[in-house]
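Please read it alongside the sequence and the model.

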Amino acid sequence: MAVEPVSTTVSSLSDEESFFADVREGLDQGLVPSRLLNDRAVHEMEMERIFAKTWSFVGHVTEIPDRGDYTLRYIGNDPFIFARDENGQIQVLFNSCRHRGTNVCRTEKGNSSHFRCPYHGWTYQNTGKLVGVPRKDECFADLDPDEWGLKSAPRVDEYAGFVFASLNPDIESLEEYLGDLTWHLDILLDLTEGGMEAVGDPVRRRIDVNWKTVLEANSGDAYHTASTHQSAFEAGIANEGSTQVTGRINYSESVYADGHSLMYRMYTDEFADSPDADDVVYWAYPAEVKNRLNETLTEGQKEVARKSNITASGIFPSMGIAHTATSADPNEPDIGVLQIRKIRPISANETEEWDWLFVPAETSSEYKQKASNATSVRAGTSGVISQDDIAVWRGITKSAASDFARTDNYMLNYQMGIEAQPDLETDDEWPGPGEAYQGYHDGHGRRIYENWYRYMTEASASPLS
Amino acid sequence: MTKTDSTNAGGLPSVEQQLAVRNFLYHEAELLDNWELDEWLQLLTEDITYTMPVRITQAKNTVERTPTGHFNDDLASLSLRVRRLEHEYAWTENPPSRIRHFVSNVQIGEVGRDDVPVRSNVMLFRNREDLPEYDVISGERNDLIRDTGEGFKLAKREVLLDHAVLDVDYISTFL
């Protein structure tokens, strides 16, 4: 039985202009209206104005390595078949028969050269082409099959093997959309010669939390870790060497690049240069990874990678990246893992989280097993880190549905490090593009809501330029 | 269940053996329901592997295999999980959920081996906070149970959930 712990308010935004004016006034002060985090009318607008207009991560090429491989994926909440066709090309095909609309792909994963609709038997090649219509001469003599193939997503693009798709035919290219973030993605997603490889199938589960809370947490916020995750740290999820607990030899760097955000936990120069750090630099990846860094990386990029212990990033609106040095056993050294998260916005109070594990292609099968062990302990369904995140997020979604949140115009504080409180200055020594701040900073959250505001109020603008 | 105890022809378990295994599984479930997790760890062998693979819907007769999972553990990581749950700031379980494991359909495989295969069904009920709603998770367990001479211990468990997309936000106990 599905749990429905929070009430959703059916709120007709009868005065849209005044509603968004209130939101704007709040954002200008670093305040976010709580009601945005559990409101049915807002959610419907978000599906139309954000999820139908942006780039959505669909899957990685290593998940469909062989011709005929396919898996069922979503753009927003729309079902698409992510497939490698008979010619070796990637396809993202709307999972709906052109005849009467039922789903032609009836499993979540498989290998097939064709998709056959169970209703009337219309058959499509995995390129999308309609190749079989039963009794065609008798029933559909004039039908031109070329006009009745499975529909492709309007736009499909790829970065380092990560395939994205969009329902917006006019969207800018993926590279333009990512902008300066690509400098960071080169490090996070394209670190080695062999590229990243998916390990197994993603974990999928539903959480009673609004999608924006999840995106925000993926994009940064070093401030919460000491309190939310204290139980996990004291149980030993982070080795002394990885320094998450000690804080003496690491610091946080928040970076903002063209509407997307990152949080790097970096080793100090002194520690990174010392012999103690040999096994933990580059997110504690082993020698076979460190020795095969992508030749296209600049010295600045390599230096950032070298000093990295944990890097979290959020790609607006629905993708999270976490490159982490971690271990399932405090007596064992940390190893590097790449966790990719996709956010599927089910409703105002529910999100379906997809969690993938990736490792560099250069790693061994023993390493993959250890990575799978470490990742399931840390993240995903039973993760000692992810569980406590959800425990605290649930309450946000619950209070956001309250009548009081509306009548009081109840505002949440996103003012940490705001320009009006100039305690933090831009880090001019940061080697990459984007604005960088050391220490604790709410900029990632504020930027998510700035993106949100632009998409929600300017339908035709390019919000992330 | 040791070789010396196996007196039935064809290695079928005796009634006593069946009762003993069932009682072991019921005792294990009770420890989990009461959050007596240190005691639960004592029921595991040093070389235990505890896995709960991700399920994904595939065509009939397809063998599912995935290395990723909801759990993919050994004794060290299970101990880490228990240590965390005992901490005051393990927010998911402070206040503790009300959970109940229902274990049924226990079938014992061939006895006379060191580790005896045991299959069982499990259903986990969970109710939290002040919510009237509850969660139910269903699955099957494929275990290897070892008679150490000082009682049974769990040497291996694979939990196959009956869910592909989970409708629960986290699993903070063990199935």
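How much area do chain B and chain A bury between them? Chain B and chain A bury about 4,000 Å² between them, and 53% of that area lies on carbon and sulfur atoms, where buried area is the accessible area (1.4 Å probe) that two parts lose on being put together, summed over both. Leu80(B), Arg84(B) and Asp169(B) supply 15% of the area that chain B buries against chain A, more than any other three residues.

This is a predicted model, in which local features need pLDDT of at least 70 and side-chain atom pairs count only at pLDDT 80 or more, whereas totals for chains, interfaces and linings use all residues. Residues are numbered from 1 along each chain as its sequence is written, chains are lettered from A and ligands numbered from 1 in the order in which they are written, and side-chain values use heavy atoms, with hydrogens and water left out.

**The interface**

The contact (heavy atoms within 4.5 Å) takes 49 residues from chain A and 42 residues from chain B. Across this interface the rule finds 29 residue pairs in polar contact, both residues being at pLDDT 80 or more; a polar contact is a pair of N or O atoms within 3.5 Å, of which, within protein, one must be able to donate a hydrogen and the other to accept it, and residues adjacent in sequence count only if both atoms are side-chain atoms. The elements that give two or more residues to the side of chain B that touches chain A are β2 (69-73), α3 (75-85) and β5 (134-147) of chain B, helices (H or I, at least four residues) and strands (E, at least two) being DSSP runs numbered from the N terminus. Of these, α3(B) gives the most, with six residues.

The rule also finds four salt bridges between the chains, a salt bridge being a side-chain nitrogen of Lys or Arg within 4 Å of a carboxyl oxygen of Asp or Glu. One of the salt bridges joins the side chains of Arg394(A) and Glu129(B), at 3.0 Å from N to O.

**Selected residues**

The table uses relative accessible area, with buried meaning under 20%, exposed over 50% and partly exposed in between (1.4 Å probe, protein chains only).

| Residue | Relative accessible area | Class |
|---|---|---|
| His70(B) | 0% | buried |
| Ala76(B) | 23% | partly exposed |
| Cys97(A) | 4% | buried |
| Cys139(A) | 46% | partly exposed |

His70(B) is found in strand β2 of chain B. Leaving aside neighbours within four places in sequence, His70(B) is in contact with residues of both chains, including Val203(A), Ser376(A), Met52(B) and Leu161(B). Ala76(B), in helix α3 of chain B, touches Ala328(A) and Asp329(A), not counting residues up to four places away in sequence. Ala76(B) and Ile48(B) are 28 residues apart in sequence and 9.5 Å apart in space, C-alpha to C-alpha.

A search of the whole structure finds zero disulfides over all chains, a disulfide being a pair of cysteine sulfur atoms within 2.5 Å. Cys97(A) is in no disulfide, and the nearest cysteine sulfur, that of Cys117(A), is 3.8 Å away. The sulfur of Cys139(A) is too far for a bond, because the closest cysteine sulfur, in Cys97(A), is 14 Å away.

**Helix α2 of chain A**

Among the buried residues of α2(A) (residues 40-51) are Ala41(A), Met45(A) and Phe51(A). What covers the buried residues includes α1 (16-28), β3 (69-75) and α16 (443-457) of chain A. At the start of α2(A), a side-chain oxygen of Asp39(A) reaches to within 3.0 Å of the backbone nitrogen of Ala41(A).
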